[in-house]
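Please walk through this structure one step at a time. Keep the sequence and the 3D view side by side as you read.

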Amino acid sequence: MQIIEKKMIEVTNNIFCARVIANNVRSDFFYNKPVDTSYNSYLVKGKKNALIGVVHNDYCKEFLRILEDTIPVSDIDYLVMNCTGTEYSDSINEILNRNPNIQVVGTIPAIKNLKEITNVKFNEHIAKNGDVLDLEDKTIEFMIAPCLPWQDTMITYVSEDKAVFSGRLFSSNYVSEDIFDTDYDGYKTALEDYYKHIFLPYGGFVKKALNLIKSKNTEFIITSNGAVIKNNIIQKINDYLKLAKTNDTAEVAVFCPKHYKNTLKIANVIADTLKKCHINVCIYDVCNISENTINAMNSAKAVIFGTPTINKNAAKEIWHLLSEIDAVNAKNKPYFVFGSYGWSGEGTELVHRYLLQLRLKPFAKPVSTVFTPSETDINDISEYTRRFAESIENNWKEN
């Protein structure tokens with residue numbers, strides 16, 4: 001079921017929201033978990049007019065009807081895309097069909113993406129950090145803020161109205177009749193849930209973006225999903241910053257299927273050695289992969305994977321976990337692979353090569369034992385792990 005707004009909602013002086021509310025929809029971000037959400041697009045009216053963002057393909061017709069009740073698409077001068085995605089392609093293409101002269105504004109990677117998403121030619125306007133788009137009686141400033149959550153993202157700021165357009169940052173799957181954050185306590189859980197599913201691996205980028213927002217005189221944080229924030233702005237930025245800092249506690253995460261006892265024995269030796277080196281470490285059982293396990297893999301400063309070799313392959317549980325790795329932000333993350341085997345031992349090498357292809361940073365070749373680890377094996381693994389601990393601590397100091 002869906003509920004469609006009948007008219008544009010005025011956020012502040014000549015800034016309007018075309019909002020589509022959708023109930024019980026499924027999102028790729030939320031692992032097919034049904035959510036209630038709103039898709040928000042904003043019209044900034046001046047002597048020239050800019051549309052900031054569009055809505056999901058499923059609601060393209062309703063969105064354009066709401067928009068054109070206020071302004072013909074042909075009168076819009078700029079389409080500003082703070083983020084891109086194939087889920088917006090129908091709305092973008094329809095706007096381009098109705099107004100081929102419109103200028104599409106985005107970062108360099110955003111424009112590149114939009115060319116492939118739309119497969120049509122359009123007038124492009126590259127947004128660079130600090131650039132200002134002049135609407136004659138309003139200005140839009142661009143702040144490049146990548147990985148929110150993709151590399152093409154930016155934040156825009158209308159200084160005359162002290163309004164930050166934050167894209168998915170501060171967004172939530174929360175709907176109410178009031179477009180503003182009047183019931184902040186009521187939707188705070190939805191805000192945190194949205195952050196956990198989308199931004200948890202990107203905490204460092206979120207913190208940089210929050211600093212950009214704090215540098216501006218801000219009275220509105222205007223989001224692509226959920227409520228517009230206008231009350232107690234600084235406090236809510238600081239609350240959001242606490243979510244970003246949850247990534248700072250994880251140091252090393254060890255993953256293995258615990259029902260393979262010899263591989264688990266090696267995992268315990270590794271964990272004990274890291275603890276003696278004063279490194280925060282946790283072992284995760286990949287037989288039952290939870291969101292917590294996935295989050296740990298993507299937020300830890302270093303990762304260690306354990307697998308036996310089964311029919312010349314790694315354990316299926318490890319492959320299942322690795323399908324959830326955030327390859328973009330895992331680049332240069334330190335890792336090594338370990339395991340026990342009985343005959344040929346290809347499992348650890350296959351996982352090692354896969355992580356190498358994803359451009360994680362290998363410590364050394366995989367460490368493995370034949371069947372049950374001996375005392376000599378345990379001593380060797382402990383020394384191997386101690387050297388790994390030393391290498392990552394030196395790397396952390398340098399960074």
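**Cysteines, cores and a helix pair**

Cys-256 is buried, because its relative accessible area is 0%. Keep in mind that this model is predicted. Now look for a partner for this cysteine. A disulfide is a covalent bond between the sulfur atoms of two cysteines. The closest cysteine sulfur to that of Cys-256 belongs to Cys-287. The two sulfurs are 8.0 Å apart, which is too far for a bond. A disulfide needs the sulfur atoms within 2.5 Å. Cys-287 is therefore in no disulfide either, as its nearest cysteine sulfur is that of Cys-256, 8.0 Å away. The count for the model comes to 0 disulfides. The surroundings of the two residues can be compared as well. Cys-256 is buried, whereas Cys-287 is partly exposed, with a relative accessible area of 27%.

Next, turn to the nonpolar cores. The largest one has 33 residues. Which of them touch the most other members? They are Leu-51, Val-54, Phe-63, Leu-67, Ile-92 and Ile-95. The strands β3 (15-26) and β4 (34-44) each supply at least two residues, and so do the helices α1 (60-68), α2 (89-98) and α3 (108-118).

Take Leu-51 as an example. Set aside its neighbours within four places in sequence. Leu-51 is then in contact with residues that include Tyr-42, Leu-43, Phe-63, Leu-67, Ile-76, Val-80 and Ile-95.

Find Ile-221 in strand β13, which spans residues 220-223. Is Ile-221 buried or exposed? Ile-221 is buried, because its relative accessible area is 0%. Ile-221 touches residues including Val-164, Phe-170, Ile-213, Val-228 and Ile-237, with residues up to four places away in sequence not counted. Phe-170 lies 51 residues from Ile-221 along the chain, and their C-alpha atoms are separated by 7.8 Å.

Two packed helices are described by the angle between their axes and the distance between the axes. For α2 and α3, the angle is about 85 degrees and the axes are 10 Å apart. The two helices are therefore roughly perpendicular to each other. On the α2 side, the contact is made by Ser-89, Ile-92, Asn-93 and Leu-96. On the α3 side, Leu-114, Ile-117 and Thr-118 take part. By class, this contact has 4 nonpolar, 3 polar and no charged residues.

Notes: Residues numbered from 1 in each chain as written. Predicted model: local features only at pLDDT ≥ 70, side-chain atom pairs only at ≥ 80, totals over all residues. Heavy atoms only, no water. Core = buried A, V, L, I, M, F, W, Y, C linked by side-chain atoms within 4.5 Å. Buried < 20%, exposed > 50% of the residue type's maximum accessible area, 1.4 Å probe, protein only. Helix = DSSP H or I, 4+ residues; strand = E, 2+ residues; numbered from the N terminus. Contact = heavy atoms within 4.5 Å. Axes fitted to C-alpha atoms, helices over the stretch in contact; angles between N-to-C directions. Parallel < 35°, antiparallel > 145°, perpendicular 65-115°, else oblique. Nonpolar A, V, L, I, M, F, W, Y, C, P; charged D, E, K, R; others polar.
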